[in-house]
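Hi everyone, thanks for coming.

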Amino acid sequence: MPYDDDRRTACISTQAGCAMGCVFCATGQMGFARHLSSDEIFEQAIRFASLLHAEGERLSNVVLMGMGEPFHNYDESMKAVRRLMDDLNIGARHITISTVGLAPQIRRFADEDLQVRLAISLHAATDAERGALLPINKKWNLDELMTACRYYIQKTGRRITFEWALINGKTDTSEQAHALGNLLRGVMCHVNAIPLNPTAGYDGNPSTPSNAQEFADILETYGVSMTIRVRRGIDIDAGCGQLKSKVIKRNLISVESIAGE
Ligand code: SF4
């Protein structure tokens, strides 16, 4: 993903498919096939890096936001992160791990003593709405998630980025904006909002620009900053949550079956 400020960012995957089942995500709709090894995770970045190198450019940033939940494949994801730093010389602050909210792993990550950035897919600020969109919320609800987030901030001194899909009439309402403001007031964080990327298996629609702006204006009254991001890759079905493949659903597991997380 090229950005105007010369950043060259690779968005890489940590699993084939995903077990988290987020309803608006094409990967979640596909189900879980298998974990990727640290080599497979790292290889995606090094391939991007060599393509850029051939054009006289350098890979500057890596986000673990592709297919899969990195903290469901914790050890291999962390091994790959260390290789990004050691073998590709990408600074920890230029690497971001995104999780849907596996509370115990957020604490474990806080204890790693790394400068790697943390992003959390929040998407709704009430348990009822979040549970309907993200099944993981039934395992670790907002209260448990925010307790883990506060531990992370207290332990690392780093802010958290909360990801928010703006879905027309669902997550862009004034009720959700006020609930989010109350949830994040005083928390060291930033909200990255992105209008929903359409997927075949979910009939929600992206927010209009005016609704998105009204949402941001309400959040601001709580002292919570928010950026409305541009959707990328929609034209080639490579936007967030659009990644598709013909991987056959095998070894299917559910969120409830993830033991010990
Ligand atoms: S949004 Fe992320 S965690 Fe949720 S199903 Fe998609 S890939 Fe998995």
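**A walk through the chain**

Of the 261 residues in this chain, 52% count as buried, where buried means under 20% relative accessible area, exposed means over 50%, and partly exposed lies in between, using a 1.4 Å probe and protein chains only. A word on the ground rules: this is a predicted model, where local features need pLDDT of at least 70, side-chain atom pairs count only at pLDDT 80 or more, and totals for chains, interfaces and linings use all residues. Residues are numbered from 1 along each chain as its sequence is written, and side-chain values use heavy atoms, with hydrogens and water left out.

So how confident is the predictor? pLDDT is its confidence in each residue, from 0 to 100. The chain averages a pLDDT of 89, and 86% of the residues score at least 70. Over residues 245–261, pLDDT stays under 50, and the model has 34 contacts for that stretch beyond four places in sequence; a contact means heavy atoms within 4.5 Å. Where pLDDT is low, the predicted coordinates should not be read in detail.

Now the overall layout. The chain has eight helices and nine strands. Both are DSSP runs numbered from the N terminus: helices are H or I with at least four residues, and strands are E with at least two. Among the contacts with a separation of 6 or more, 74% are between residues 24 or more positions apart.

Let's look at the sheet. In what order do the strands of the open sheet come? There are seven of them, in the order β1-β4-β5-β6-β7-β8-β9, with parallel pairing. β1 (9–11) and β9 (226–228) stand at the edges with a single partner strand each, so one side of each has no neighbour in the sheet. From one strand to the next, the twist averages 20°. Two strands pair if DSSP finds at least two bridges between them. If this is new to you, strands of a sheet pair through backbone hydrogen bonds, either parallel or antiparallel.

Let's zoom in on β5. Strand β4 (residues 61–64) pairs with β5 in the parallel sense over three bridges, and L64 stands opposite I97 in β5. On to another partner: β5 (residues 95–99) runs parallel to β6 (residues 117–121), and four bridges join them. T99 has I120 as its bridge partner in β6. Is β5 mostly covered or mostly open? Five of its five residues are buried, so to speak a mostly covered strand. Both faces are covered: I95, I97 and T99 on one side, and T96 and S98 on the other, are all buried. In a regular strand the side chains alternate between the two faces of the sheet.

Further along is β8. Seven bridges join β7 (160–166) to β8, and the two run parallel. I160 has C189 as its bridge partner in β8. Seven of the seven residues of β8 are buried, so this strand is largely enclosed by the rest of the structure. C189, V191, A193 and P195 point one way from β8, while H190, N192 and I194 point the other way, and all are buried. Helix α8 (residues 209–220) lies across β7, β8 (189–195) and β9, running at about 170° to β9. Axes here are lines fitted to C-alpha atoms, for helices over the stretch in contact, and angles run from 0 to 180 degrees between N-to-C directions.

Next, a few single residues. R93 lies in the loop between α3 (74–86) and β5. Which residues does R93 touch, not counting those up to four places away in sequence? They are Q115, R117 and R158.

Most residues other than glycine have a negative phi, and most peptide bonds are trans. D113, in the loop between α4 (103–110) and β6, has a positive phi of about 60° although it is not a glycine. H123, in the loop between β6 and α5 (127–133), has a positive phi of about 70° and is not a glycine either. Buried or exposed? D113 is exposed, with a relative accessible area of 69%, whereas H123 is buried, at 8%.

Q176 lies in helix α7 (residues 174–184) and counts as buried at 7% relative accessibility. Not counting residues up to four places away in sequence, Q176 touches A124, A125, T126, E129, W164, K170, T171 and F215.

Last stop, the ligand. Around the ligand sit C18, M20, G21, C22, C25, G28, G68 and V100, where a residue is near a molecule or strand if one of its heavy atoms lies within 4 Å of it. The shell divides into five nonpolar, three polar and no charged residues. For that count, Ala, Val, Leu, Ile, Met, Phe, Trp, Tyr, Cys and Pro are nonpolar, Asp, Glu, Lys and Arg are charged, and the others, Gly among them, are polar.

Definitions and conventions:
pLDDT is the predictor's confidence in each residue, from 0 to 100.
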